[in-house]
Amino acid sequence: MEDKELVARALEAAQRAWAPYSRFRVGAAVLLEDGGVVCGNNQENRAYPLGSCAERVAVNYARATFPELRVVAIAIASPDSEVPVAPCGGCRELLLEAVRAQGAEDIRVLMADRTGDSVREAMVSELLPFAFELE
């Protein structure tokens, strides 16, 4: 799948976000190793911080539904942002846990703006360079 298509899927997912409080819709599209795509969007809750970020929704659904498939990439985008959207700290940790669960195969992260034309790319390991280690 082309990066542009994965970003487009994230922007499409953001249109279905539940964000009545922040009014900041975010979508995520997870590319699995078999070419399948799982999407998610942010789901806010008045009892903050009980909402869920788009990345968390998509990655957790992918891992719960397709545990045998590696996550290859994730695109994150918002139709409400003029700059590429980066995952929050909690989502960076969640993505790192996904990397660890699949045997240290790093995950590409595509961060896009409202048009999908401005995209920053990084690996999960680059987004959380001083991650907590158990060993």
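Trainee: How many helices and strands does the protein have?
Mentor: This is a predicted model: local features need pLDDT of at least 70, side-chain atom pairs count only at pLDDT 80 or more, and totals for chains, interfaces and linings use all residues. Residues are numbered from 1 along each chain as its sequence is written, and side-chain values use heavy atoms, with hydrogens and water left out. Helices (H or I, at least four residues) and strands (E, at least two) are DSSP runs, numbered from the N terminus. The count is four helices and five strands.

Trainee: What pattern does the protein follow along the sequence?
Mentor: Take those four helices and five strands. Read along the sequence, they give α-β-β-α-β-α-β-β-α.

Trainee: What is the radius of gyration of the protein?
Mentor: The radius is taken over C-alpha atoms, and the globule rule is 2.2 Å times the number of residues to the power 0.38. For 135 residues the rule gives 14 Å, and the protein is close to that, so it is as compact as a globular protein of that length. Its own radius of gyration is 14 Å.

Trainee: What is the order of the strands in the open sheet?
Mentor: Two strands pair if DSSP finds at least two bridges between them. Here the pairing is mixed across five strands. The order is β2-β1-β3-β4-β5.

Trainee: Which strands stand at the edges?
Mentor: An edge strand here has a single partner, so one side of it is left without a neighbour in the sheet. The edge strands are β2 (37-41) and β5 (119-123).

Trainee: Which residue in β5 is the bridge partner of V109?
Mentor: Strand β4 covers residues 108-112. Five bridges join β4 to β5, and the two run antiparallel. In β5, the partner of V109 is A122.

Trainee: What angle does helix α2 make with β2?
Mentor: Helix α2 (residues 54-65) packs on the sheet, touching β1 (27-32), β2 and β3 (71-77). Contact means heavy atoms within 4.5 Å. Axes are lines fitted to C-alpha atoms, for helices over the stretch in contact, and angles run from 0 to 180 degrees between N-to-C directions. The angle between α2 and β2 is about 145°.

Trainee: Where does P49 lie?
Mentor: The peptide bond from Y48 to P49 is cis, with omega near 10°. P49 lies in the loop between β2 and α2.

Trainee: What is the phi of R23?
Mentor: R23 is found in the loop between α1 (3-14) and β1. R23 is not a glycine, yet its phi is positive, at about 60°.
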